[in-house]
Amino acid sequence: MINILIFFRLHQPYKLKKLSIFDIGSIDTVFDYNLSKASIEKIANLSYRPTLKLLLKLMDKFDSKFKFSISFSGLIIEQLNEYCPDIIEIIKELSKTKNIEILAEPYYNSLSFLYNENEFIFEVNKHINFVYNLFNFIPKTFRNTELIYSDKIADSLRGFTSLKNILTEPSEKVIGFKPGLNLYKAYGKNPQYILLRNQKLSDDLTFNFSNKNWKEFPLTAEKYSRWIDDLQFYDKKAKNIFCNLVFDIETFGYYLNESSGILEFLYDLPSLILKKGKNQFILPSEITNDNIENLELFSTKDYISIGGSSKNLDPYLGNDLQINSQLSLYSLIEQTKEQNNELLLENLRKLSSIDYFKNMSEYFFGTYDFSNFPSIESSYQNYLYAISHLEEKLI
Amino acid sequence: MRILFLTWEFPPMISGGLAMACYGMVKSLLKRNIEIILILPTKIDAYFVLKNEKDIDDLKPTFINDVDKEKYEDLFHDKTYTQSEIFEFLGICEGINGYSSSNKLKQVLLFSNFFFEIENNLSNQNQLRIFEELKTNLLSSEDLFRKVREYTNKVSKCLYLIDFDIVHAHDWLCYPAGILASKTKSKPLVSHIHATEFDRSGGVGDERIHKIEYIGMTLADRVISVSNYTANLIVNRYRIDTAKIRVIHNAFHLKNIHKEKRRIFKDPVILFLGRITLQKGPEYFLEVAKRIIKIYPMVRFIMVGTGDLATKMIKSSAKERLLTRFLFTGFLNREEVESILSATDIMILPSVSEPFGIAPLEAMSFGIATIISKQSGVSEIVENVYKVDFWDIDQMTSIILDLLSDPNKMVKIGQLAAEEVTKIQWDKSAMMIEKCYKELI
């Protein structure tokens with residue numbers, strides 16, 4: 001039996017204003033809310049609304065046979081609440097079906113675990129409470145920012161007894177050249193299970209769907225479901241194969257526009273997957289394994305991530321611009337906590353979203369449309385102005 | 001007396017100190033009843049006749065061809081236009097990139113003409129040979145050299161429409177045009193040295209430019225150097241006849257006295273203001289910042305300007321993990337420069353080689369405690385500043401620590417500097433320039 005777990009995610013950071021040195025200390029906010037609104041509305045029109053409605057339709061069509069997981073940063077939900085509240089209503093409707101599972105993640109989409117464990121725990125806790133309050137759901141699965149994982153993350157999550165599973169990236173350094181189609185057990189008792197993203201199938205859709213130079217172009221739902229069926233040949237001994245497909249919702253209709261046929265693809269996929277009766281859609285919380293001791297251990301001291309080709313922290317902390325700006329941020333967060341300035345602290349935490357640091361990386365620069373700066377240096381400069389502005393507001 | 005004044009920069013075309021120096025100089029020359037015909041690297045073929053002080057800000061153009069003139073009169077006859085619209089029409093724009101930082105002059109400076117055959121106007125064999133060399137050195141297809149050719153061509157077109165007594169050309173970009181004007185009309189040439197290629201490059205530099213500088217000074221009847229420092233350099237490096245060199249220091253055109261500080265930061269601000277190139281010593285500034293911030297973290301170091309080392313400096317400063325204590329502004333226009341100066345407490349000019357250096361005078365007028373390198377012309381004429389060798393990071397560090405620990409002292413030195421700078425005015429230098437002109441007529 002092939003277990004198919006689909007993980008969708010929504011996230012957008014707040015857009016930063018383009019600042020000059022003369023704005024420092026004199027502006028009311030470092031965020032460009034108008035630009036954020038325009039951007040969120042655009043993405044909601046092109047992607048969130050049509051895709052989530054399509055998923056709702058699929059739920060209806062397949063009853064409990066089609067299931068998927070969904071997650072979102074606190075930042076995107078705050079913005080949707082403000083600019084496109086109907087999207088939240090659609091998610092609420094989805095959550096009523098009981099066939100979706102909502103994941104926990106760091107509220108601000110940050111790397112706080114690297115700088116301050118308490119800050120990380122605060123963020124996860126804030127996210128769990130927020131999901132509970134909004135959707136009446138207690139998350140059982142955790143995905144870290146950029147799927148970053150090491151044993152240290154498992155350690156930090158030990159106190160969250162409701163979290164049973166962690167979703168992360170397969171890494172050659174940990175599992176060697178195995179296909180990563182199994183369920184793994186985590187180091188430590190809680191969380192228990194490690195789910196590994198299916199790199200090939202996830203990336204084929206995200207990066208190759210519209211790639212005319214790709215030898216498999218065009219990718220049809222029929223072809224894709226056949227590839228999923230073929231997974232059984234990878235690991236004949238395994239009774240249970242796990243195929244974890246991880247997608248940004250923005251891929252559907254926004255990164256890949258509607259004319260690419262991506263939404264039709266999504267609509268056709270579940271019936272094709274279910275056709276032969278050998279596959280089933282499940283939710284992470286439905287994973288049961290009587291024989292956990294027989295599972296292979298997934299343990300790593302080094303951080304792994306979804307990012308770049310190095311699959312480590314380099315895409316986010318690989319250059320001095322990224323390191324210096326993150327150090328500036330976290331040192332100011334510490335000072336702000338000492339002074340109990342809640343409003344300032346909230347703004348700083350918004351600035352901890354990893355997107356700002358991706359804009360300082362040669363690897364990511366230009367690949368994301370939220371980068372409205374001409375160079376990595378100008379992204380850096382603008383970010384330091386923003387931090388300096390908040391720094392001047394302190395004291 | 002009427003002077004043909006050739007310069008690559010003039011307000012509102014500002015990239016470095018040259019524009020402000022020419023502005024102050026022309027203003028004071030006009031006060032002395034000297035008429036100026038100004039030719040700039042404008043997109044449209046035009047020159048500017050300046051007869052009194054007021055003309056300097058209006059920059060009323062005279063057109064070489066009637067088509068441009070009609071177009072201009074058509075566009076601007078009804079008085080509802082702004083001056084910047086006129087400047088845009090002429091192809092003068094604010095904040096162009098410096099020619100010295102690289103050849104990234106904006107498209108707006110493009111001309112479309114061909115190189116004028118200079119040698120037709122020459123008789124003397126020796127001069128012909130020198131000209132041949134000049135032409136060879138201008139033959140590069142690089143943007144900057146092409147623009148120099150075009151400027152020279154434009155000046156040649158103006159020559160038939162104007163009369164003057166002396167040609168006064170500023171820096172190498174205008175020397176070919178200066179020589180052409182001087183030879184065509186048989187009028188004396190004054191070559192003004194604001195900076196040599198040695199200063200700009202912070203090393204050996206471009207040989208073609210050295211040759212143009214050499215020819216420009218060799219064929220000149222007088223060479224005006226902005227400092228003794230530069231005079232020594234042109235004697236040693238270019239072997240220019242000392243008898244025709246006149247040292248006339250740049251001065252400072254004081255618009256108003258700036259008493260009130262408009263702070264941006266609560267902590268003391270230490271400023272670097274200039275092109276971010278090897279010549280200006282930005283790396284020494286960073287080194288000082290690194291040491292100060294270690295001992296005294298509650299300061300802000302700010303680097304203002306652009307240049308070929310800007311990206312490198314941003315990366316190096318991040319590498320030093322100076323957090324938000326070391327910031328960059330990029331290019332700032334005049335108004336913004338004044339704003340940043342009014343928010344500054346200490347300024348450092350760590351230039352490796354600075355023929356003059358007008359920025360410290362401006363800083364002084366804002367009551368800023370100023371540290372300048374001994375390798376600068378400006379250090380010859382000011383007293384109430386700290387003078388250090390550009391490489392002496394230890395001394396710069398200890399001066400700044402001393403000032404930071406004694407704010408009263410910092411304010412006091414700033415006040416003395418502000419008083420001193422009121423005395424360094426263009427009128428005195430203009431008098432010396434007039435004297436130099438009179439020697440030639």
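User: Into which domains is chain B divided?

Analyst: This is a predicted model, in which local features need pLDDT of at least 70, side-chain atom pairs count only at pLDDT 80 or more, and totals for chains, interfaces and linings use all residues. Residues are numbered from 1 along each chain as its sequence is written, chains are lettered from A and ligands numbered from 1 in the order in which they are written, and side-chain values use heavy atoms, with hydrogens and water left out. Domain bounds come from an automatic or database domain assignment. For chain B this gives domain 1 (2-252 + 430-438) and domain 2 (269-421).

User: What area is buried between domain 1 and domain 2 of chain B?

Analyst: Contact means heavy atoms within 4.5 Å, and by that rule 24 residues of domain 1 of chain B touch 23 residues of domain 2 of chain B. Buried area is the accessible area (1.4 Å probe) that two parts lose on being put together, summed over both. Carbon and sulfur atoms give 64% of the area between these domains, and the total is about 1900 Å².

User: Which element supplies the largest share of the side of domain 1 of chain B that touches domain 2 of chain B?

Analyst: Helices (H or I, at least four residues) and strands (E, at least two) are DSSP runs, numbered from the N terminus. On this side of domain 1 of chain B, α1 (17-31), α8 (197-201) and α10 (228-238) each supply at least two residues. The largest share is 4 residues, and that comes from α10(B).

User: Which three residues supply 28% of the area that chain B buries against chain A?

Analyst: The contact between the chains takes 24 residues from chain B and 23 residues from chain A. The area buried between chain B and chain A is about 2100 Å², with 61% given by carbon and sulfur atoms. The three residues that supply more of chain B's part than any other three are B:K266, B:R321 and B:L323.

User: Which residue of chain B forms a salt bridge with A:E391?

Analyst: Side chains of opposite charge can pair when their charged atoms come close. Between chain B and chain A there are 5 salt bridges. In the one formed by A:E391, the closest N and O atoms are 2.9 Å apart, and the partner is B:R325.

User: Why are A:E41 and A:K37 separated by about one helical turn?

Analyst: The side chains of A:E41 and A:K37 meet in a salt bridge, at 3.1 Å from N to O. Both residues sit in helix α1 (residues 33-62) of chain A, and they are about one helical turn apart because their separation in that helix is 4 residues.

User: How is the aromatic pair of A:F113 and A:Y303 classed, and what is the angle between the planes?

Analyst: Rings of Phe, Tyr and Trp (its six-membered ring) pair if their centres lie within 6.5 Å; planes under 30 degrees apart count as stacked, over 60 as edge-to-face and the rest as tilted. A search of the whole structure finds 37 aromatic pairs over all chains. The rings of A:F113 and A:Y303 lie 5.5 Å apart, centre to centre, and the pair is tilted, with an angle of 45°.

User: Which residue is joined to A:P191 by a cis peptide bond?

Analyst: A:P191 is found in the loop between β6 (184-186) and β7 (193-196) of chain A. The cis peptide bond has an omega of about -5°, and the residue joined to A:P191 is A:N190.

Technical notes
Salt bridge = Lys/Arg side-chain N within 4 Å of Asp/Glu carboxyl O.
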